[in-house]
Amino acid sequence: MIPFSVLDLSIITRGSGPREAFRHSIDFAKRAESLGFHRYWLAEHHAMPGIASAATAVLIGQIAGATTRIRVGSGGIMLPNHSPLVIAEQFGTLETLFPGRIDLGLGRAPGADQRTARALRRDPAAPDRFPEDVVELLHYFEPSSDEDTHLIRAVPGAGLRVPVWILGSSLFSAVLAAQLGLPYAFASHFAPAQMEEAIALYRSRFEPSERCAKPHVMLTVNVIAADEEAEGKRLATSLYQYFMALRRGRPIAFPPPVSNILSLWSAEEQIMLEQTLSYTFAGSKETVSEQIQSFAARHRPDELMVAVPVHDHDSRCRSLELTAKIKSGISV
């Protein structure tokens, strides 16, 4: 069996707000822990009307404080938006408060549009420095002594060796993770185009390190399971609407499902959605189980992370329960 984990964007649904999103995330994390999921990650996005996890480290602390065993982390922190030292201090603080339970996944994208990126004071050259910034950040987690007075130290942070992951959807991230000897998480749930090539490149070029002795791949998929096949398919229409709004440059709060989904966009847009969200597994428990098993057998991930993009909280929790029943039978 392979470990299953959960990716959460703290979804803001139509007609609600961030307070409800945070309450639902905390409840969802508790359920994930009780159902035996391995990790619970939150993602950094900004100025998105459907996503409440902008202050990612703050929310990680709340989720970790509401649970007791499950690992909690970022999927990910968009490092070019931040100083490596600040992130080391934030996650050093989290690791000090919740020892042995914090993960730090790092991405290179802005997590926002270009105007918002400028408002974040993001340096346009920062993505080009991503490899150097990751190395700097790793350094802050290394032990230091009182004799090292010339070094800048992360306090807290130094000596804590918080587990660091490279996140991505491209060959660049795969090569970097391999060169640094770090575990790699691929965003196959919304950017599957280069997944197979990136995994192969990462595994073939991996250089063992003290942090990671052999290649370790986590793949992310959307999972929308329901008691009935038709209901699972219907619930998935919320994700399709939401993603189409993003592609059109008009982000929205996460919408309720609809029955007449094909009337909302053109045939060309439908093809784009099917390609981009090709690793969205929706339907009954039996259908979703077959899809996940086929995916795992073909790509052989070391871990699977599931996003559960469902509008209604009770239906989302039911999907998680069904996924927990599925995961015990998935192997590679």
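User: Which elements are included in what covers the buried residues of α2?

Analyst: The model here is a predicted one. Helix α2 spans residues 56-66, and its buried residues are Thr 56, Ala 57, Leu 59, Ile 60, Gly 61, Ile 63 and Ala 64. The cover over these buried residues includes α1 (18-34), β2 (39-42), β3 (71-78), α3 (84-97) and β4 (102-107).

User: Which residues have the most contacts inside the largest nonpolar core?

Analyst: As a general point, nonpolar side chains in soluble globular proteins tend to be buried together. In this model the largest nonpolar core has 75 residues. Those with the most contacts inside this core are Phe 37, Tyr 40, Phe 91, Leu 104, Leu 106 and Ile 292.

User: Which element gives the most to this core, and with how many residues?

Analyst: The core in question is the largest nonpolar one, with 75 residues. The element that gives the most to this core is β7, with 7 residues.

User: Which residues does the second, separate core include?

Analyst: This second core is separate and has 13 residues. Among them are Ile 11, Ile 51, Ile 261 and Trp 265.

User: Which residues does Tyr 40 touch, not counting residues up to four places away in sequence?

Analyst: Tyr 40 is one of the residues with the most contacts inside the largest nonpolar core. Not counting residues up to four places away in sequence, Tyr 40 touches Val 6, Asp 8, Ser 25, Phe 28, Ala 29, Ala 32, Ile 63, Ile 70, Arg 71, Val 72 and Gly 73.

User: Arg 71 and Asp 103 meet in a salt bridge; are they buried or exposed?

Analyst: The N to O distance in this salt bridge is 2.8 Å. The pair links strand β3, which holds Arg 71, to strand β4, which holds Asp 103, 32 residues apart. Arg 71 has 16% relative accessibility and Asp 103 has a relative accessible area of 0%. Buried means under 20%, so both count as buried.

User: Which residues form salt bridges with Arg 161?

Analyst: Side chains of opposite charge can pair when their charged atoms come close. The side chains of Arg 161 and Glu 142 meet at 3.4 Å, N to O, and Arg 161 also forms a salt bridge at 3.8 Å, between the closest N and O atoms, with Glu 210. The residues asked for are Glu 142 and Glu 210.

User: Is Glu 210 buried or exposed?

Analyst: Glu 210 is in the loop between α7 and β7, and its partner Arg 161 is in the loop between α5 and β5, 49 residues apart. Glu 210 has 75% relative accessibility, and the cut-off is over 50%, so Glu 210 counts as exposed.

User: How many salt bridges does the structure hold?

Analyst: Some salt bridges are linked in a network, which joins Asp 27, Arg 31, Asp 227, Arg 318 and Glu 321. The number of salt bridges in the structure is 15.

User: How far apart in space are Pro 215 and Arg 203?

Analyst: Pro 215 is in the loop between α7 (195-205) and β7 (217-226). Leaving aside neighbours within four places in sequence, Pro 215 is in contact with Tyr 202, Arg 203, Phe 206 and Asp 302. Pro 215 and Arg 203 are 12 residues apart in sequence, and their C-alpha to C-alpha distance is 5.7 Å.

Technical notes: Residues numbered from 1 in each chain as written. Predicted model: local features only at pLDDT ≥ 70, side-chain atom pairs only at ≥ 80, totals over all residues. Heavy atoms only, no water. Helix = DSSP H or I, 4+ residues; strand = E, 2+ residues; numbered from the N terminus. Contact = heavy atoms within 4.5 Å. Core = buried A, V, L, I, M, F, W, Y, C linked by side-chain atoms within 4.5 Å. Buried < 20%, exposed > 50% of the residue type's maximum accessible area, 1.4 Å probe, protein only. Salt bridge = Lys/Arg side-chain N within 4 Å of Asp/Glu carboxyl O.
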